[in-house]
Amino acid sequence: MLRHSLLVRLTHWTNALAIFFLLMTGLNIFGAHPRLYWGHAGSVDQVERQWLQMGASGSAARLRGWVDVGDRRFDTTGLLGASESPKGAPSIVAFPHWATLPAMRDLATARTWHFFFAWVLILNGLMWLGYGLVSGRIGREILPSLAQLRPAHLWHDIVEHAKLNFPKGEAALSYEVLQRLAYAGVALVLIPVVILTGMAMSPGLNAAFPFLDALWGGRQSARSVHFIAMAAIAGFMALHLALVLLSGPVRQIGAMITGRMTIGGGK
Amino acid sequence: MIARRQLLGALPAGLLLSGCDALTKVDTLKAVVKSGEQATYRWQRLVGRDGLAREFSAADLSPVFKVNGTRRPTNSEWQALEAGGFADWRLRVSGLVKKELALSMADLASLPQRTQITRHDCVEGWSAIGQWTGPQLANVLKAAGLRDGARYIVFLCADDYGGEASKGGLQSSSRYYESIDLVDAFHPQTILAHSLNGQKLGAGHGAPLRLRVERQLGYKQAKYLMQIVVADSLAPFGQGNGGYWPDRGYEWYAGI
């Protein structure tokens, strides 16, 4: 059975590649100023609307990494604020070297790669959206139907997911309601939000389209929302990969590469 | 000490991703990725050529406008000018102009002044809102008269800058400079500011004169201006990329 059209497969993998690079270069960019604020302005000299900061304290031998969220401090040594450099030396850096691209702090390179893949994400996303709207695929396969949104049906799908009972046979050829909600949430909400907040950090685009940063309540708010949407997309990716692995990775990944899915035998 | 358990957890991911880090050092890929900058520049010129940066009200002013980059130029020429209250300072305007100029602070003050409250967006991610006053660059350039072939306005500064580690990249020290195209040069909000929040610029903010090109990032707002050169090419300046930070890997067009 043809499960995924060529355009869906191409845009899926292009999107995956773009998001992979955007995430890692974005974490490097964040390291240049690991603080988040609400409103238009915010800096080390104007912290009254700061709500998040990553940092480190202590001597080199006893470096403690921390994340401040509001008034609360969380010890995140080894992961956030302070982690080991590729050579094993303790270093003060927001995200660890293995999570960022380039591995070492390099704002110039990270920005260049980030903006290149931002273009890829946007053009690829527009292609997917145009195709999905014209073909009716988004309405048919991504948005949940009213019947699927009935509480009883939602609960049934939650229980089935919790038991790791995945659709088999013909049922595997269309998405269940939780899957639809997750895909619609990422493709139609989170990715548009991450793109619009990204654009709202550009002084040139804010001058061209004044509503861009006004929409979020200022450039610093846009930067905060960009970060939150990034974290939500990363969370989706982790869940998505986990469920692919649990529901038959060879069959699922094969279907997204070749477009064909075998049905009948379950796994 | 960083726990060994956490390190072990990071190890497989590290091995997987170290390959990606190598990608950022391949010249062909670097050139492909750099093409995104041209796309951004052309797109922004297409959709927002005449757009105005948002202007704020006095209530929005940042209580402290963060000083960034050079805090006080170390060379003796600038320090001597500062000691004299910049009475002997002259802004030279040269290159592809019909008439070379050497403008004193009084000359600049005699031009029509523009005051604007705008947001300064640093490439690192922070922002500060300040009120800037000074003549529009367009009027200075009109007084000099551009000759055929003029494409860029280059700003030569008084400070030798040694860079900050937080910005990454090559950090060698050299004379600060910047450049913009003619669209930004003749933009109404592009001014040569002598005052911030109603006070003469201090050493930290670029005394006696700095550029404000409001639709680009902070590193374009060259401080300690000494000379403006109208040019047809950026090649003769610095390492040829149009600015101190562009020479160190940052975008020349910093509208993003």
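Two strands pair here if DSSP finds at least two bridges between them, and the helices (H or I, at least four residues) and strands (E, at least two) are themselves DSSP runs, numbered from the N terminus. The model is a predicted one, so local features need pLDDT of at least 70 and side-chain atom pairs count only at pLDDT 80 or more, while totals for chains, interfaces and linings use all residues. Residues are numbered from 1 along each chain as its sequence is written, and chains are lettered from A and ligands numbered from 1 in the order in which they are written.

**View 1. The two chains, taken one at a time.** Chain A has nine helices and six strands, and its C-alpha trace spans about 60 × 45 × 35 Å along the principal axes. Buried residues make up 37% of its 267 residues; a residue is called buried if 20 or more other C-beta atoms lie within 10 Å of its own, exposed if 12 or fewer, and partly exposed in between, with C-beta atoms placed from the backbone. Chain B comes to six helices and 11 strands, and 44% of its 256 residues count as buried. Now for contacts: two residues are in contact if their C-beta atoms, placed from the backbone, lie within 7 Å. Looking at contacts with a separation of 6 or more, residues 24 or more positions apart account for 57% in chain A and for 71% in chain B.

**View 2. An open sheet in chain A.** Four strands line up in the order 1-2-3-4, with antiparallel pairing. Strand 1 (35–37) and strand 4 (72–75) of chain A sit at the edges with a single partner strand each, so one side of each has no neighbour in the sheet. From one strand to the next, the twist averages 20°; the axes behind that angle are lines fitted to C-alpha atoms, for helices over the stretch in contact, and angles run from 0 to 180 degrees between N-to-C directions. Zoom in on strand 1 of chain A and you'll find three bridges tying it, in the antiparallel sense, to strand 2 (residues 50–57) of chain A. Tyr37(A) stands opposite Gln50(A) of strand 2 of chain A.

**View 3. Helix 1 of chain A, end to end.** The expected span, by the way, is 1.5 Å times one less than the number of residues. Buried residues of helix 1 of chain A include Thr11(A), Ala18(A), Phe21(A), Met24(A), Gly26(A), Asn28(A) and Phe30(A).

View 4. Helix 2 (residues 27–48) of chain B runs for 22 residues and reaches 32 Å from its first C-alpha to its last, close to the 32 Å expected. Its buried residues are Val33(B), Gly36(B), Glu37(B), Thr40(B) and Gln44(B). They cover an arc of only 95° around the axis, which puts them on the same side of helix 2 of chain B; the arc is that of the directions from the helix axis to the C-beta atoms. What do these buried residues of helix 2 of chain B pack against? They pack against helix 2 (107–135) and helix 6 (203–208) of chain A. On the face turned away from the buried side are exposed residues, among them Asp27(B), Ala31(B), Ser35(B), Arg42(B) and Leu46(B).

**View 5. Where the chains meet.** The contact takes 52 residues from chain B and 43 residues from chain A. On the chain B side, the elements giving two or more residues are helix 1 (4–23), helix 2, strand 3 (113–121) and strand 4 (127–135) of chain B. That side has 22 nonpolar, 18 polar and 12 charged residues, where Ala, Val, Leu, Ile, Met, Phe, Trp, Tyr, Cys and Pro count as nonpolar, Asp, Glu, Lys and Arg as charged, and the others, Gly among them, as polar.

View 6. A cis peptide bond joins Leu101(A) and Pro102(A), with omega about -10°, and Pro102(A) lies in the loop between strand 6 (90–92) and helix 2 of chain A. In chain B, the peptide bond from Ala207(B) to Pro208(B) is cis too, with omega near 0°. Leu164(A) isn't a glycine, yet its phi is positive, near 60°; with 9 C-beta neighbours inside 10 Å, Leu164(A) counts as exposed. Phe86(B) likewise has a positive phi of about 60°, and is partly exposed, with 18 other C-beta atoms within 10 Å.
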